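Please read it with the sequence and the model side by side.

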Amino acid sequence: MKPAVFEYETPTTLSEALCLLDEFGYDAKIMSGGQSLIPMMNMRLARPQVIIDINRIEELNYIRVTESEIQIGGLTHHYQVEESKEIKKVCPLITEGMKLIGHSQIRSRGTIGGSVVHADPTAELPVMLSTLGATITLASSEGYRTIETDEFFLTYLTTTIEMNEILVSIQIPIPPANTGYAIDEFTLRKGDFAIVLAAASITLDGEGRISSATLGLGGVDGVPVLLDEVTDGLVGNFPSRELISECCSVIKELIDPEPDIHASAEYRKDLCVTYAIRVLERAAERAAKQ
Ligand SMILES: Cc1cc2nc3c(=O)[nH]c(=O)nc-3n(C[C@H](O)[C@H](O)[C@H](O)COP(=O)(O)OP(=O)(O)OC[C@H]3O[C@@H](n4cnc5c(N)ncnc54)[C@H](O)[C@@H]3O)c2cc1C
């Protein structure tokens with residue numbers, strides 16, 4: 001199928017793009033990689049009258065690593081993040097997670113802003129950003145606002161972004177050195193969207209006890225789910241397979257996934273337990289090797 005007729009704008013600065021959003025309002029849609037928007041337009045699930053293509057706004061394409069955080073511009077492509085040596089050094093979870101997004105062709109066009117705003121509940125980036133305690137910065141002609149991921153993601157494909165806003169950057173705090181990460185997912189074929197996805201971060205103290213831990217799941221709700229009830233039980237203890245399995249035994253009571261053509265609710269719950277244990281164990285092993 002082909003999309004309905006639309007006008008096409010190509011701003012070269014952020015302020016120009018924001019002016020266009022103010023001018024066209026709900027009739028306009030931002031396009032970055034077009035990997036999700038164009039299929040939706042082709043299927044006539046989206047019919048914007050004006051496309052604002054932000055690919056020429058170079059000021060939105062950057063990766064900066066400071067002492068305290070990683071800053072990634074909204075227009076930065078997945079492959080740029082995947083290939084960044086600086087990011088791999090301070091937060092290898094991101095490098096590992098980016099490789100799970102679709103195929104290399106998708107990652108060469110898709111962007112951070114597009115993936116986060118599209119907010120697919122089984123997409124890797126929203127789960128990674130939630131697990132890592134990232135923040136999201138949005139710009140409008142009235143100024144900037146920075147919010148936490150749990151304020152940003154509302155439900156399936158829905159966020160708090162306003163129609164006059166552009167996602168300009170994400171910020172990811174750099175964790176202490178003795179932190180280990182892992183991400184893994186269950187897919188029917190390599191490169192497919194995940195059926196269930198889990199990401200974990202574990203930090204050890206000087207004696208080898210867990211000082212903090214985070215577990216994020218995707219594919220179980222409309223938004224990324226953080227299971228503090230599981231990780232609270234890990235903190236203060238030495239990591240072990242038995243401890244992790246015991247803490248994960250409550251997961252099935254904490255989640256309520258919807259069944260779909262790919263997996264029943266019960267199967268999804270089983271997958272969550274398996275993948276949660278797997279990523280927590282791997283994160284603990286990696287933290288111990290730091
Ligand atoms: C075959 C295939 C397989 C895929 N597999 C996966 C996968 O396994 N995992 C995964 O996570 N994704 C997957 N994707 C999606 C891919 O990651 C997309 O790149 C991503 O979802 C959208 O990014 P984009 O830059 O292409 O955004 P676009 O398609 O351009 O836009 C998506 C939405 O975000 C809005 N938008 C875009 N940029 C901004 C911005 N800066 N500010 C405000 N709004 C903005 C648009 O208006 C639109 O509503 C797949 C896509 C395809 C086609």
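E242 belongs to helix 11, which spans residues 241-248; helices here are DSSP runs of H or I with at least four residues, strands are runs of E with at least two, and both are numbered from the N terminus. With a relative accessible area of 56%, E242 is exposed, where exposed stands for over 50% relative accessible area, buried for under 20%, and partly exposed for what lies in between, with a 1.4 Å probe and protein chains only. From E242 to I54 the separation is 188 residues in sequence and 50 Å in space, C-alpha to C-alpha.

The model is predicted, so that local features need pLDDT of at least 70 and side-chain atom pairs count only at pLDDT 80 or more, whereas totals for chains, interfaces and linings use all residues. Residues are numbered from 1 along each chain as its sequence is written, and side-chain values use heavy atoms, with hydrogens and water left out.

**Surroundings of the ligand**

The ligand sits in the largest pocket. A pocket is an open set of points on a 1 Å grid over the protein atoms alone, where a 1.4 Å probe fits and protein lies on both sides within 12 Å along at least five of seven lines, and a molecule sits in it if more than half of its atoms lie within 2 Å of its grid points.

Around the ligand there are 29 residues, of which I30, G34, L37, T111 and E124 come nearest; a residue is near a molecule if one of its heavy atoms lies within 4 Å of it. By class, this shell has 13 nonpolar, 13 polar and 3 charged residues, where Ala, Val, Leu, Ile, Met, Phe, Trp, Tyr, Cys and Pro count as nonpolar, Asp, Glu, Lys and Arg as charged, and the others, Gly among them, as polar. Strand 2 (28-31), helix 7 (112-118) and strand 10 (166-173) each supply at least two residues of the shell, and the largest share, 4 residues, comes from helix 7.

| Residue | Protein atom | Ligand atom | Distance |
|---|---|---|---|
| L37 | backbone N or O | oxygen | 2.7 Å |
| H78 | polar side-chain atom | oxygen | 3.3 Å |
| E124 | polar side-chain atom | nitrogen | 2.7 Å |

Of the 970 Å² of accessible area that the ligand has on its own, the protein covers 88%, as computed by the Shrake-Rupley method with a 1.4 Å probe.

Helix 7 also holds S115, a residue that is buried at a relative accessible area of 15%. The C-alpha atoms of S115 and V223 are separated by 13 Å, although the two residues are 108 residues apart along the chain.

Just after helix 8, G133 takes a positive phi of about 70°.

R44, a residue other than glycine, also has a positive phi, near 60°. R44 is placed in the loop between helix 2 (37-42) and strand 3 (50-53), and its relative accessibility of 35% makes it partly exposed. Between the C-alpha atoms of R44 and H118, which are 74 residues apart along the chain, the separation is 16 Å.

For L157, likewise not a glycine, phi is positive and near 55°. L157 lies in the loop between strand 8 (153-155) and strand 9 (158-159), and with a relative accessible area of 45% L157 is partly exposed.

**Helix 13**

A265 lies in helix 13, which covers residues 265-289, and at a relative accessible area of 23% A265 is partly exposed. A265 and I255 are 10 residues apart in sequence, with 9.6 Å between their C-alpha atoms.

Note on methods:
Polar contact = N/O pair within 3.5 Å; in protein donor to acceptor, adjacent residues only side chain to side chain. 1 Å grid on protein atoms, 1.4 Å probe; cavity = no way out; pocket = protein on both sides within 12 Å on 5 of 7 lines; lining within 4 Å.
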